[in-house]
Amino acid sequence: MLVYHGVMGLLNALLPESCDVVVIGGGVSGASITYQLAKRGVDVLLLEAAQLARGASGRNGGLIDGAADPSSPINELYLRASELFPALAEELDTDIEYIRDGSLQILLDTDPDIEETHADFQAHLDLGRPVRWCDRDEVLEMSLLFPENIIGGWLRYEDGQVNPLLLVYALAEAAARAGAKVRQHTPVLGLTTSGDRITTVKTADGDVACGQVIVAMEPWCRPFLAELGLEAPVLPQRGQIFVTEPLPPMMTIAALYGNSPNPYIYWRQTKHGSLTIGGCRTVDTHGDWMLGSPGPSTSLDIQKMILETIVRAHPGIRNVNLIRWWAGVMGFTPDRLPVLGRTERYPNLITAFGFCPNGILLAPLTGRLIADVVTETEPEIALEQFRLERFAEAAASAD
Ligand SMILES: Cc1cc2nc3c(=O)[nH]c(=O)nc-3n(C[C@H](O)[C@H](O)[C@H](O)COP(=O)(O)OP(=O)(O)OC[C@H]3O[C@@H](n4cnc5c(N)ncnc54)[C@H](O)[C@@H]3O)c2cc1C
């Protein structure tokens, strides 16, 4: 795979003077939206401030896994998105290292949250979600390195894994091949309006007249939309990841351990053998994720918590070498639902952010839903509950 296609290659189009649809933000959401629009023959331009996947999309765990409060509307999105992944993996030219072997929330006999984990599992089972309980012997077959005191685990058998970096580039390349213009290293500086319409996207390289604009910039949306008088309550949450040296095959599923407020971690073995270990999300207080900064930094207290927890949950890797670690920032909304659809104030401005910890999982669906909005097609899932205006309405009714 080519990650950088030269100065004017496939992922570095010339900046056009006008384009029907401009997508801002070259993470997995922007790339997926651009791909779906290009497939429908829409004249679309994707603008990324740095390189594609520079945000959370290139810094995450790669789990296609979603378990929320079982009554949350997000579950409908999770289920539909995970159904869409196999077909997407097939149609992209790149091997995105997609596998669908499930994910397993493990439970040890020393855990303080045994009842809570069982209750969570039961609630999902009662709602007919694709889950089942695995006893100790079955769990130990999934990885010999789980600890002796494991009780069992809750298997979400439709979950999977993907290489998120390959996914973003594969989507962007497929979009470009289908006719989209994809341009990196082009921060959008602002939008020009006329009445209730966005007319122009401003960049340092020139302005682009546009018919519709999609903001897919996760926490960067907040200051950006504030310039237009729109409040987007999306806050940065920092997650951290470790990667081990490549190891012989040792697990077929992605594993999850712990329940908030206890440390929550996840880990999986990638195609080339490394374990990717992440978790312990915290509200961001560093602010070093803004454009032009070196990028989000790791913090020792969280790293220590992740490593202590993984050694408890997967002691067989105690002596394995770590080769890389990093942090990333994702966008969290107060109700943990994404913000999808047209804004009321500017009907040709469309939002796609607030994916909380699951933007990779949701990406295939995000692309389709937003392409439906742009092309004025009835979306396959009603978007009413994901409108930006819900936050202001909730605040007004609380007054
Ligand atoms: C440590 C960690 C682990 C995670 N694990 C998982 C997981 O296992 N599974 C999962 O589903 N999700 C996971 N997530 C969440 C997931 O990574 C995100 O939800 C998803 O990547 C969001 O994608 P996005 O495209 O919406 O935003 P981003 O990937 O953040 O992309 C936004 C892009 O907008 C660009 N941008 C910002 N401002 C401008 C501007 N003015 N002009 C142009 N471009 C701009 C940024 O440079 C950035 O590239 C994790 C996240 C982290 C940090």
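1. Start with the ligand. In this predicted model, the shell around the ligand draws at least three residues from domain 1 (18-58 + 164-234 + 335-398) and at least three from domain 2 (103-157 + 236-332). There are 42 residues around the ligand, and those that come nearest are G27, G55, G239, G328 and G359.

2. Which elements supply at least two residues of the shell each? Two are helices: helix 1 (28-39) and helix 8 (359-374). Two are strands: strand 12 (235-244) and strand 16 (322-332). By class, the shell has 22 nonpolar residues, 16 polar and four charged.

3. Is helix 1 mostly covered or mostly uncovered? Mostly covered: eleven of its twelve residues are buried. The buried residues of helix 1 are V28, S29, G30, A31, S32, I33, T34, Y35, Q36, L37 and A38. Recall that helix 1 also supplies at least two residues of the ligand shell.

4. The geometry of helix 1 can be checked. G41 follows helix 1 and has a positive phi, near 80 degrees.

5. The contact takes 14 residues from domain 1 and eight residues from domain 2. On the side of domain 1 that touches domain 2, ten residues are nonpolar, two polar and two charged.

6. Next, the largest nonpolar core. It has 115 residues, of which V22, A172, A175, V213 and I214 touch the most other members. Helix 5 (residues 164-177) gives the largest share of this core, eleven residues. As a general rule, nonpolar side chains tend to be buried together in soluble globular proteins.

7. Last, a closer look at V22. Leaving aside neighbours within four places in sequence, V22 is in contact with L45, L47, V201, V208, C210 and V213. V213 is also one of the core residues that touch the most other members.

Conventions
Residues are numbered from 1 along each chain as its sequence is written. This is a predicted model: local features need pLDDT of at least 70, side-chain atom pairs count only at pLDDT 80 or more; totals for chains, interfaces and linings use all residues. A residue is near a molecule or strand if its C-beta atom, placed from the backbone, lies within 6 Å of it. Helices (H or I, at least four residues) and strands (E, at least two) are DSSP runs, numbered from the N terminus. Ala, Val, Leu, Ile, Met, Phe, Trp, Tyr, Cys and Pro count as nonpolar, Asp, Glu, Lys and Arg as charged, and the others, Gly among them, as polar. Domain bounds come from an automatic or database domain assignment. A residue is buried if 20 or more other C-beta atoms lie within 10 Å of its own, exposed if 12 or fewer, and partly exposed in between; C-beta atoms are placed from the backbone. A nonpolar core is a set of buried Ala, Val, Leu, Ile, Met, Phe, Trp, Tyr and Cys residues joined through C-beta atoms within 7 Å. Two residues are in contact if their C-beta atoms, placed from the backbone, lie within 7 Å.
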